[in-house]
Protein chains: 2
Amino acid sequence: METRPADAATRNWAGRSVLVAGGMGFIGSNLVRRLDALGAQVLVVDALLPGGGAHPRNLEGASSRVRIMEADLRDASVAPGLVDGRAVVFNLFAQTSHVASITDPLEDLSINAQAQLNLLEACRRHAPRASIVYTGTRQVYGVPRALPVDESHPVDPVDVNGFHKFAAEGYHLLYHRVHGLATCVLRLTNTYGPRMRIRDARQTFVGAWIRGVLAGEAFEVWGGAQLRDLAYVDDVVDALLRAADPAHAGRVFNVGGSPPVTLRELADTLLRVAGRGAYRVVDYPASRRTIDIGHYHADDRRFREATGWAPRAGLDEGLARTLDYFREHFEHYA
Amino acid sequence: METRPADAATRNWAGRSVLVAGGMGFIGSNLVRRLDALGAQVLVVDALLPGGGAHPRNLEGASSRVRIMEADLRDASVAPGLVDGRAVVFNLFAQTSHVASITDPLEDLSINAQAQLNLLEACRRHAPRASIVYTGTRQVYGVPRALPVDESHPVDPVDVNGFHKFAAEGYHLLYHRVHGLATCVLRLTNTYGPRMRIRDARQTFVGAWIRGVLAGEAFEVWGGAQLRDLAYVDDVVDALLRAADPAHAGRVFNVGGSPPVTLRELADTLLRVAGRGAYRVVDYPASRRTIDIGHYHADDRRFREATGWAPRAGLDEGLARTLDYFREHFEHYA
């Protein structure tokens with residue numbers, strides 16, 4: 001596990017009692033490992049949902065300070081016992097597939113809305129002083145009307161997932177305003193890195209690309225001209241740790257990544273860093289055109305100014321580390 | 001039942017098969033009675049939820065063309081049999097209390113989100129050619145940033161109800177874009193009229209005022225300076241009938257009411273029309289201040305231009321008719 005210089009994000013975690021919901025998933029597990037390295041006492045709850053990001057290997061090698069519980073927050077009886085006594089709750093319990101949210105909207109509702117209310121109700125009753133950080137998504141903005149996108153951009157989701165993620169961030173902010181909970185919402189851009197789901201594109205298209213490169217198969221670039229500001233997962237973990245400061249309670253922040261590149265430039269960078277691979281550019285599939293949001297990159301100055309955060313990993317470095325990880329563990333993830 | 005001159009809203013309903021979900025409630029029952037008068041074959045489904053707007057008296061005297069079924073759309077097995085064969089579906093199934101949405105957010109979720117998906121999934125499979133009209137709410141805008149409020153105003157709800165109502169209108173619009181259903185969303189302003197809930201303010205504060213006037217009790221005006229554009233229910237029914245034209249599929253429209261008045265002016269008008277009564281102005285309760293949205297009135301030009309609709313009832317006339325109705329039926333509603 002890499003170490004980083006001490007800063008605002010790394011102070012004061014030793015010995016703190018932290019819950020990470022969705023902690024076996026991609027971003028969640030990277031967060032858990034960092035918290036573990038910082039000396040926190042971490043309780044992980046994960047439902048290990050099929051099609052989700054959870055992977056048993058993601059927490060391999062964690063210390064004995066990390067406890068793992070398999071449970072589903074959609075069951076309202078689960079959360080109270082988990083949040084009781086926690087100083088910080090990181091809420092990364094989510095269904096992330098846009099396509100799945102349209103084919104099974106009720107499943108998306110139960111994970112991205114009902115379970116979120118269960119968790120917040122439990123915090124309200126059993127952990128009213130905990131800091132709570134919720135991972136929202138740029139998806140709430142839908143098709144950007146101007147770039148870069150700041151937090152005042154209208155909310156206009158293009159899929160069921162976007163509406164539910166917006167409801168869930170709304171719950172978090174309302175539980176601050178109405179019940180005084182110290183909640184903070186981060187709207188993340190596309191995130192990539194070790195421990196992401198690469199078997200398919202349910203979590204992010206970058207996962208499917210990585211798998212293609214390492215399997216020696218050409219991957220598909222849909223469209224190719226779309227701009228994206230990819231965030232390396234370690235930078236997102238930094239952002240999550242900073243957002244747990246109760247000084248940011250009741251606020252919503254964009255979190256972006258490295259300077260925007262087109263998907264085609266991203267694909268070229270991936271091949272260059274990998275030293276191999278191939279892709280083909282295809283039209284954005286007609287069946288998914290309604291959920292294509294075109295260009296996106298975040299204006300995340302509000303978060304940078306509030307917390308001092310800035311992304312550290314360049315795209316080359318982030319992709320190199322990601323490839324290194326999946327080269328070593330390919331057979332477990334692919 | 002009053003009759004109106006033939007126009008775009010009243011043509012072609014004779015013999016049409018129509019489902020009204022929430023058809024025993026306030027707006028729903030007024031819609032059902034109008035459809036009945038126009039000769040439609042109407043199936044009403046209502047869950048008769050405690051605390052909701054449904055009242056058995058609301059459909060008293062309807063013709064044999066109106067069939068009533070008590071069932072709850074939260075049960076996914078209910079909707080398929082109801083929508084099958086319908087030409088038009090009016091979806092007014094809702095929980096309307098802002099306060100209740102905060103005290104029991106999971107109940108609000110099940111009614112205002114889960115049941116909505118059940119209904120739309122049923123339409124997609126069993127009534128893919130039906131016109132579907134959903135009654136949304138001005139509540140999705142939250143605190144207006146400028147007046148009047150048009151449909152491009154940012155969505156920023158102040159309560160759980162607003163997030164769920166926004167999700168539900170989102171579902172309706174997505175089912176148009178993704179599945180081709182002929183859905184239309186109306187964002188209604190405060191609506192009043194015969195058959196509203198007057199026992200308390202769960203549906204609208206105007207109901208509680210009417211009850212106070214007729215019971216000879218002073219009612220409370222919270223704040224008093226807030227502007228509102230009240231819509232008389234017959235005008236809202238007109239709007240719903242017009243919105244069922246598939247030419248408006250995939251669109252969202254504000255529907256406003258009479259020219260804006262302050263709550264204090266509204267209270268004075270009510271006393272004048274009633275020829276009796278009293279009120280006292282009190283501070284907006286601190287416990288509810290987080291859901292106070294201040295002034296609101298709609299810019300509904302988009303809907304007027306698309307459909308030719310305009311409200312017909314002035315405030316005096318609407319209040320007089322409302323008082324007449326509840327004078328006659330007071331003991332059943334109060």
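Two strands count as paired here if DSSP finds at least two bridges between them, and the strands (E, at least two residues) and helices (H or I, at least four) are themselves DSSP runs, numbered from the N terminus. With that in hand, look at Val88(A): this residue stands opposite Ser131(A) in E5(A). The two strands involved, E4 (residues 88-91) and E5 (residues 131-137) of chain A, pair in the parallel sense over four bridges.

A word on the ground rules. This is a predicted model, in which local features need pLDDT of at least 70 and side-chain atom pairs count only at pLDDT 80 or more, while totals for chains, interfaces and linings use all residues. Residues are numbered from 1 along each chain as its sequence is written, and chains are lettered from A and ligands numbered from 1 in the order in which they are written.

Now zoom out to the whole sheet. In chain A, seven strands line up as E3-E2-E1-E4-E5-E6-E11, forming an open sheet with parallel pairing. Strand E3 (66-70) and strand E11 (251-255) of chain A sit at the edges with a single partner strand each, so one side of each has no neighbour in the sheet. From one strand to the next, the twist averages 20 degrees; angles here run from 0 to 180 degrees between N-to-C directions, with axes being lines fitted to C-alpha atoms, for helices over the stretch in contact. As a reminder, strands of a sheet pair through backbone hydrogen bonds, either parallel or antiparallel.

Helices lie against this sheet. In chain A, helix H5 (residues 160-177) lies across E5, strand E6 (182-188) and E11, running at about 155 degrees to E6(A). Chain B has an open sheet too, with parallel pairing and the order E3-E2-E1-E4-E5-E6-E11. Its edge strands are E3 (66-70) and E11 (251-255) of chain B, each pairing on one side only. Four bridges join strand E4 (residues 88-91) of chain B to E5(B), and these strands run parallel; Phe90(B) has Val133(B) as its bridge partner in E5(B). Helix H7 (residues 233-243) of chain B packs on that sheet, touching E4, E5, strand E6 (182-188) and E11 of chain B, and its direction makes about 160 degrees with that of E6(B).

Over in chain A, helix H7 (residues 233-243) is mostly covered, with eleven of its eleven residues buried. Buried means that 20 or more other C-beta atoms lie within 10 Å of the residue's own; exposed means 12 or fewer, and partly exposed is in between, with C-beta atoms placed from the backbone. The buried residues of H7(A) include Asp234(A), Leu240(A) and Arg242(A). Leu240(A) is worth a click: Leu240(A) and Leu240(B) have the most contacts inside the largest nonpolar core, which has 208 residues. Such a core is a set of buried Ala, Val, Leu, Ile, Met, Phe, Trp, Tyr and Cys residues joined through C-beta atoms within 7 Å. Leaving out residues up to four places away in sequence, Leu240(A) touches Leu31(A), Phe90(A), Val133(A) and Leu186(A); a contact means C-beta atoms, placed from the backbone, within 7 Å.

A cis peptide bond, with omega about -10 degrees, joins Leu147(A) and Pro148(A), and Pro148(A) is in the loop between E5 and H5 of chain A. Leu48(A), in the loop between strand E2 (41-46) and E3 of chain A, has phi near 45 degrees, a positive value in a residue other than glycine. Arg195(A) has a positive phi too, near 75 degrees, and counts as buried with 25 C-beta neighbours inside 10 Å.

Finally, how do the two chains sit together? A rotation of 180 degrees with 0.0 Å of shift along its axis superposes chain B on chain A (RMSD 0.0 Å), by least squares on the C-alpha atoms of residues with pLDDT of at least 70 in both. The two copies are thus related as by a two-fold rotation axis. In the contact between them, 21 residues of chain B meet 21 residues of chain A.

How values were computed
Two residues are in contact if their C-beta atoms, placed from the backbone, lie within 7 Å.
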